[in-house]
Structures are given as structure tokens and as C-alpha cells.
Amino acid sequence: MVGSTIVSFAIGFLQSSFHLLPKITQTHLMTLCPMLYFLISCISFILLSKSFTNNPLPLPPWESEITEMKLLSIWFWGELSSFLVFWMKETKLAMTFFQVPRFMPLKKMSLSSKVENVEEKDDTSLLDLPDLALECVLDRLSPAGLCSMEAVCTSLRDRCGSDHLWEKHIKHKWGRVIGDVAYREWQQWHAVASRKGPTLLDRSKKKGLFDFLSGVCPWFRPKSKRINKSRGSLPIDSIMGWYLSLENGKFWFPAQVYNRENCHVGFMLSCYDAQLCYDLRTDTFRARYSPHGRRTTEENIQWDRLRAPPVDTPPHILHAFDCLNDLMPGDHIEIQWRRKREFPYGWWYGVVGHLEPCDGNENHCHCHDSDMVILEFNQYNPSSRWRMIAINRKDHQEEGNEVCGFYGGIRKLYNKEEIAKWKRLWPTQVLE
């Protein structure tokens, strides 16, 4: 009777507490449930272990109630378990309890589940954009950005290597210092280098263009490496390859340098042909000259001292000119000059002057009707032998001597920017 009373009291207590369930929080339930299961399990184990003990002697009267309690413990366990399951289902916390890790806070679990849902939904790719939108994105990328995008996949590699994307970068950075001659020389250089073996532009190696730029550009470091053996080298006429060859400094290209050899006094207001290469670290150039039978080099040349050759005439060839009949006093010109016949020409700045009898009055000047033309180089002292030279309009060819040098072809300057460039280079003092 005592055991039956205890069991009935326990179940009645739990049932009477059912109306308090809404007040019980998830934290309380997670704490109480394991404790209840542990307590019930221990009591049941002790009672069951004793209930199955063999006792051949007849039980005394006072032990009959104990035996009854042992037998009722099995029924108590089943009823209590059923009640707990019903309790947890009603409060809708059973599923939460079994899904939440034992030691994970609920706030952290909620945040992580939201992140996982976002990651599962965020599966949009750049390649899903329409072609026009993707082209607009690529068109706004810098050269480094295009190279990074080029390393993503085959489809983007082909798009990012398109000539129309790289033409504007070539013109913006290199348009002032390179010309058609440099481009043709690069094509020949790249073709020869490709026949000899792998080049820096070979994309069939384990190191892709991404890795190539990391060695060339200190501001460019890839996060991962690519291996794609199916990739070939850039086409020989690729504008992207042309840009990278100039950028990495391995290709020496033809251009012209103002005031060569660190603005030496003997070369003021002149512009000479040279082979140049770019140094990305310092954003300057190195030059190689060969005027005196020995190679002369110069380093740390700034951008403002370079230009693309205005004509395709090689430095040892007399320029074919047809502007002599158009020359009038005040016109700006460049003329070829060299110290000796075996030296290459340089281009020297000058202006057309007035003939000796003319007083310079525009209303009375007839210098343009004469066959003789006066060329003045006003950077020199009036008494200098290089201050002035007279040439014939009709039959001018190379003329001069070993003392004053040899004057060659002439080109008239029409571009105001060219004229302004020469004036910015004007020496601070008169030359002898």
C-alpha cells in the first residue's frame, strides 16, 4: 500500500504541475529533463535489481508492502516516461531539445543556421550575367584586375584576353612612347622566343598568368595557384601579350629620348633613338645608345623624356622630306644632325629665321620667296658655330663637315603639343 501511495502521489504531482508548462523556458527544460531521466533510471535500477532477487523463505507481513512497491516500480517507470514524452510534445520543445547540441548556445545555433541558409541560396555566378553587363564589368577593370579575372576559368580567360579590352590600356599608358615599329619588333621577338622554348607568356605551364604577374608586379599576389595544361601561349598578335611584354621589362623596344645621357650639355634640345626597357619597381626606364662604336647606357629615365618616333626613318638613314617649300620665318622644325658620318642621327629643335638683309618686319618680309632658308638654334650663344645654318630649298641633301657636323632631313612641326614639349625642355642658360 505504501508503494502504491508513493507512485500515485508522484504522478498526481506531475499532473497537477501541467498548467505551469508555459512558464518553463527552454533552458529549464534542457536542464531538468536529463536530471529526471537520470534520477528515475537510478531508482528503477535499484528497485528492479532487488525485485528479481530470489528469496526462498516466506516473506514476513511487514515486507509485503516493500514487495508491492518493487512490483509497482515497473508500472511507475512506464507511466512517468509516457507522461514526459507527452509533456515535451505539448510544449513543442522536444524537437528543439534533440536537435540542439548539448553545449551550443541557442543564439549561436540560430545565427549559424541563418548563415547556412544564406550560403545555400547565394549561388549566383558572374557568368550568369548577360553578355553586355559582363562586358561592362570587364571594361572597367584595371590590367591587374583583368589578369586576376583571367585566372578564374576558361570562359573568363578568353573574355579577359580580348584585344578590345587591352587596347585602351595600351593607349593610356604606352601610347606616348611606343609606335608601329616597336609593335612589329615585339611580334618578331615573341615569335623567335616561342620557337626557342617556353617564354614568360607561355600559359601552358603549371604557372599561369596569375603566377607570372606575381613575379613581375610586387603589388600583385595571387591567393591560389592554377594548373591547366590545356592552355596555350598567347597569340603572337595579342594586345594583352604586347602589354605584358612591355610591363615586365624583358622586351627592349625602340623609342626616342629627349636630352640624352642625363641631360648632358652636348645634347640639349635633341632627341635620339634608343632601345628602352621598363622598370616597374621605379616606374622609370633604362636606355641603350650606340653612337660612338660603344654602347652607352642610361638609367632612371622619366616618362616625360620619352616619345614614340614621329617617323619610321631609321637613325642612320636620311629622312625624306618635302616641307622645304612651305617653310617660313617663325616655323618650328626638327632637323637630323650627327657629329660624324658613321654616327646615327639625332633630331634637333630649331626655328626658321630671317635672311640677313631682312629686318624681320612681317609686312616687308620676302624670305619665303628665297631659295635659301635660315635655320636657327637659339639655345646656343650667337657666336657659337652651331647657332645657325643656311640650306637650299631645291637641292638640300646631307651637308656639313667634320667640324660642325652633318645636317640631314627636316620635318616641320605642326602639332602645338610637340612645340610646347620642346619649350618645356629649354635649358636654363645659354649654351656655347
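This is a predicted model: local features need pLDDT of at least 70, side-chain atom pairs count only at pLDDT 80 or more; totals for chains, interfaces and linings use all residues.

Let's begin with two helices. The axes of helix α6, residues 131-139, and helix α9 come within 10 Å and cross at roughly 25°.

How are α6 and α9 oriented to each other? Angles under 35 degrees count as roughly parallel, and this pair crosses at roughly 25°, so α6 and α9 are roughly parallel to each other. The crossing of α6 past α9 is right-handed. On the α6 side, the contact is made by Glu-135, Leu-138 and Asp-139, and on the α9 side by His-164, Leu-165 and Lys-168. Sorted by class, the contact of α6 with α9 has two nonpolar, one polar and three charged residues.

Helix α9 also meets another helix. α9 covers residues 163-174, and its partner here, α12, covers residues 239-248. Their axes come within 8 Å and cross at roughly 35°. Here α9 passes α12 in a left-handed crossing. From α9, the residues in contact are Asp-163, Trp-166, Glu-167, His-169, Ile-170, Lys-173 and Trp-174. From α12, they are Ile-239, Met-240, Trp-242, Tyr-243, Leu-246 and Glu-247. The residues of the contact of α9 with α12 divide into eight nonpolar, one polar and four charged.

Now the chain as a whole. It has 14 helices and eleven strands. There are 432 residues in the protein chain, and 38% of them count as buried. Among contacts with a separation of 6 or more, 64% are accounted for by residues 24 or more positions apart.

Last, the single residue. Arg-411 lies in strand β11, which runs over residues 405-412. Is Arg-411 buried or exposed? Its relative accessibility is 13%, and buried means under 20%, so Arg-411 counts as buried.

What does Arg-411 touch? Leaving out residues up to four places away in sequence, its contacts are Arg-307, Pro-310, Val-311, Cys-323, His-332, Ile-333, Glu-334, Trp-347 and Glu-418. With one of these, Glu-418, the side chain of Arg-411 makes a polar contact of 3.3 Å.

That is where I will stop.

Technical notes
Residues are numbered from 1 along each chain as its sequence is written. Side-chain values use heavy atoms; hydrogens and water are left out. Helices (H or I, at least four residues) and strands (E, at least two) are DSSP runs, numbered from the N terminus. Buried means under 20% relative accessible area, exposed over 50%, partly exposed in between (1.4 Å probe, protein chains only). A polar contact is a pair of N or O atoms within 3.5 Å; within protein, one must be able to donate a hydrogen and the other to accept it, and residues adjacent in sequence count only if both atoms are side-chain atoms. Contact means heavy atoms within 4.5 Å. Axes are lines fitted to C-alpha atoms, for helices over the stretch in contact, and angles run from 0 to 180 degrees between N-to-C directions. A crossing is left-handed if the near helix is turned anticlockwise from the far one by less than a right angle, and right-handed if clockwise. Ala, Val, Leu, Ile, Met, Phe, Trp, Tyr, Cys and Pro count as nonpolar, Asp, Glu, Lys and Arg as charged, and the others, Gly among them, as polar. Angles under 35 degrees count as roughly parallel, over 145 as roughly antiparallel, 65 to 115 as roughly perpendicular and the rest as oblique.
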